[in-house]
Amino acid sequence: MLPDLPPDDAMRITTARLELVPLTSADAADLFAALDDPALGRWTGETPPTDIAALQTRYALWESRRSPDGDELWLNWVARRRDDVAVGHLQATVSESAAAIAWVVATPHQGQGLATEAARALVAWLLEELGVTSIVASIHPGHVASQTVARRAGLIPTDRMDDGEQVWEHTPSA
């Protein structure tokens, strides 16, 4: 059984430098500027969004916070610095007591520890607020920066692969 879908105000996560705020279609303009960089897709294979309207459409679908079949919670956050600048976004796909997470930080904001700060806060929130017992992230074997973020967020590499990416896992014993 899925955990209850928390209200948006309960999904707000605050760190020393960031506010993780539930993502809505209204965030598309800010995130378009942050994500309009082909370099971000180097490890994921994703291309930059084509325009703000396309991003708004995608985010509007995510606002329900549920997969179309209702079997998963699709939780998404915009990561904003305290000065309200959008620096990236985070995702958690939650099914029963497990979550798969991902993060993206815009190129100009990389190397400042923001991804680590956000990922740590997300892992803690999923464990404490949703009661998940397993958290995974799939990371390209060559993406050292994301491996570092995962390690610092308490995930460890496994021998499992998912579509060419190594599965990293956090469990209560990790």
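Student: Which residues does threonine 116 touch, leaving out those up to four places away in sequence?

Tutor: Threonine 116 touches Val149 and Arg152 once residues up to four places away in sequence are set aside. Contact here means heavy atoms within 4.5 Å. Keep in mind that this is a predicted model, where local features need pLDDT of at least 70, side-chain atom pairs count only at pLDDT 80 or more, and totals for chains, interfaces and linings use all residues. Residues are numbered from 1 along each chain as its sequence is written, and side-chain values use heavy atoms, with hydrogens and water left out.

Student: Where does threonine 116 sit? And is threonine 116 buried or exposed?

Tutor: Threonine 116 is in helix α4. Its relative accessibility is 8%, so it counts as buried. The cut-offs are under 20% relative accessible area for buried, over 50% for exposed, and partly exposed in between, with a 1.4 Å probe and protein chains only. Helices (H or I, at least four residues) and strands (E, at least two) are DSSP runs numbered from the N terminus.

Student: How far is threonine 116 from tyrosine 59?

Tutor: Their C-alpha atoms are separated by 24 Å, and the two residues are 57 apart along the chain.

Student: Switching to aromatics. How many aromatic pairs turn up?

Tutor: A search of the whole structure gives 2. Tyrosine 59 and tryptophan 62 make a tilted pair, 5.3 Å centre to centre with 35° between the planes. Both are in helix α3 (residues 52-62), 3 residues apart, or about one turn of the helix. Tyrosine 59 and tryptophan 62 are both buried.

Student: What about the pair with tryptophan 77?

Tutor: Tryptophan 77 pairs edge-to-face with tryptophan 125, at 5.5 Å centre to centre and 80° between the planes. Tryptophan 77 is in strand β3 (residues 73-81) and tryptophan 125 in helix α4 (residues 114-130), so this pair ties together parts 48 residues apart in sequence. As for the rule, rings of Phe, Tyr and Trp (its six-membered ring) pair if their centres lie within 6.5 Å; planes under 30 degrees apart are stacked, over 60 edge-to-face, and the rest tilted.

Student: Are those two tryptophans buried or exposed?

Tutor: Tryptophan 77 has 0% relative accessibility, so it counts as buried. Tryptophan 125 is buried as well, with a relative accessible area of 7%.

Student: Which residues touch the most other members of the largest nonpolar core?

Tutor: That core has 36 residues, and Leu75, Trp77, Val94, Ile101, Trp103 and Leu126 touch the most other members. The largest share, 10 residues, comes from α4. A nonpolar core is a set of buried Ala, Val, Leu, Ile, Met, Phe, Trp, Tyr and Cys residues joined through side-chain atoms within 4.5 Å.

Student: And what does tryptophan 103 touch?

Tutor: Beyond residues up to four places away in sequence, tryptophan 103 touches His89, Leu90, Ala115, Ala119, Ala137, Ile139, Ser146, Val149 and Ala150.

Student: How do β7 and β8 pair?

Tutor: β7 and β8 (residues 165-170) are antiparallel, over 4 bridges. Isoleucine 156 stands opposite glutamate 169 in β8.

Student: Which residues other than glycine have a positive phi?

Tutor: Arginine 65 is one of them, with phi near 65°. Arginine 65 is in the loop between α3 and β3, and at 3% relative accessibility it counts as buried. Glutamate 96 is another, with phi near 55°. Glutamate 96 lies in the loop between β4 and β5 and is exposed, with a relative accessible area of 52%.

Student: Last one: how many helices and strands are there?

Tutor: The protein has 5 helices and 8 strands. Buried residues account for 44% of its 174 residues.

Definitions and conventions: Pairing = 2+ DSSP bridges.
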